[in-house]
Amino acid sequence: MDARQALDALLRRVDGAMVDLDGTLVDTLGDFEQALNRMLADLHLPGIGAGEIERMVGKGSEHLLRAVLGHVLAQPGGADPQAREAAVEARFAPAWERYQHHYRTLNGQFATVYPGALEGLRALRGAGLRLVCLTNKPQAFAEALLRAKGLEGFFERVFGGDAFERKKPDPLPLLRACEALGTAPARTLMLGDSSNDARAARAAGCPVVLVSYGYNHGRPVREVDADAYVDTLAELRPAPR
Ligand SMILES: O=C(O)COP(=O)(O)O
Ligand SMILES: [Mg+2]
């Protein structure tokens, strides 16, 4: 069986899909870059480049802010890690407030839907698959972004990173999403861009397909254990249920 046949066979075995947002449906790096740099400027801290940010995205906003603050507060030669952690925590509350403010204001303006994403979603819905959006992005930002990009109509539900007690790579959000859909985890596909999505899917017993173009913590996505990889969501062409 070649990769195409294996993907088609996998798509025949699922009733629904949980679709990741950042790095899978929408390239949001520009939004992150703008919101983070505006926040850093407000705090009189040095800026950060998109290449650095790309490696830090995927584990939710709190994690992103701590990683960014840790990066910009790092002293050349390396400060002691405990002192740096204390410096990060001391800035966290104002950073969080400023970041939320800026992200809310610009959400979607510096972001683009990936080529093939609409075709892929249409094909999945057209074949009768049940769809939810399952992201570590905060719920309110995820819903607003999907609306801004005209993608909200594809999904029965949207679950953000603050929807449950734990985020991906914990399996809990996937298991809860399957419950909401009424589909068995083994028959519910996780569609994502990073090892977070794949690890969560493995732990939940869900099949997983990864896109090759997103944000995988600076690592090649094909290093991650997954059932299949696609270069665009347009490659997903499930047969009707
Ligand atoms: O906001 C993030 O950390 C990334 O969100 P994602 O789960 O949609 O990739
Ligand atoms: Mg992602």
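Author: A residue is termed buried if 20 or more other C-beta atoms lie within 10 Å of its own, exposed if 12 or fewer do, and partly exposed in between, the C-beta atoms being placed from the backbone. The model is predicted, and local features need pLDDT of at least 70, side-chain atom pairs count only at pLDDT 80 or more, and totals for chains, interfaces and linings use all residues. Residues are numbered from 1 along each chain as its sequence is written, while chains are lettered from A and ligands numbered from 1 in the order in which they are written.

Reader: Is Asp 20 buried or exposed?

Author: UniProt, in an unreviewed entry, lists Asp 20 under "active site"; such annotations may be inferred rather than shown by experiment, feature names are shortened, and positions follow the numbering used here. Asp 20 sits in the loop between strand E1 (16-19) and strand E2 (26-27); helices (H or I, at least four residues) and strands (E, at least two) are DSSP runs, numbered from the N terminus. Because 26 other C-beta atoms lie within 10 Å, Asp 20 is buried.

Reader: Which residues are in contact with Asp 20, leaving aside its neighbours within four places in sequence?

Author: Contact requires that the C-beta atoms of two residues, placed from the backbone, lie within 7 Å. With the neighbours within four places in sequence left aside, the contacts of Asp 20 are Leu 134, Thr 135, Leu 191, Gly 192, Asp 193 and Asp 197.

Reader: Which residues of H5 does H2 meet?

Author: The axes of H2 and helix H5 (residues 81-106) are 8 Å apart, at an angle of about 140 degrees; axes are lines fitted to C-alpha atoms, for helices over the stretch in contact, and angles run from 0 to 180 degrees between N-to-C directions. H2 and H5 are therefore oblique to each other, since angles under 35 degrees count as roughly parallel, over 145 as roughly antiparallel, 65 to 115 as roughly perpendicular and the rest as oblique. From H2, Asp 31, Gln 34, Ala 35, Leu 36, Arg 38, Met 39 and Asp 42 meet, in H5, Ala 95, Arg 98, Tyr 99, His 102, Tyr 103 and Leu 106.

Reader: Which residues of H4 make the contact with H5?

Author: Helix H4 (residues 61-73) and H5 cross at roughly 125 degrees, and their axes come within 9 Å. H4 is therefore oblique to H5. On the side of H5 the contact is made by Arg 84, Ala 87, Val 88, Arg 91, Phe 92, Ala 95, Trp 96 and Tyr 99, and on the side of H4 by Leu 65, Arg 66, Leu 69, Gly 70 and Leu 73.

Reader: What separates the C-alpha atoms of Pro 94 and Arg 66?

Author: Pro 94 belongs to helix H5 and is exposed, because 12 other C-beta atoms lie within 10 Å. Arg 66 and Pro 94 are 28 residues apart along the chain, and their C-alpha atoms are separated by 12 Å.

Reader: Is His 217 exposed or partly exposed?

Author: Most residues other than glycine have a negative phi, and most peptide bonds are trans. His 217, in the loop between strand E7 (208-211) and strand E8 (228-230), has a positive phi of about 55 degrees although it is not a glycine. Since 15 C-beta neighbours lie inside 10 Å, His 217 counts as partly exposed.

Reader: How many C-beta neighbours does His 44 have inside 10 Å?

Author: His 44 lies in the loop between helix H2 (29-42) and helix H3 (50-56), and its phi is positive, near 55 degrees. His 44 counts as exposed because its C-beta neighbours inside 10 Å number 6.

Reader: What is omega for the peptide bond from Lys 168 to Pro 169?

Author: Pro 169 is in the loop between strand E5 (157-159) and helix H8 (172-181). The peptide bond from Lys 168 to Pro 169 is cis, with omega near 15 degrees.
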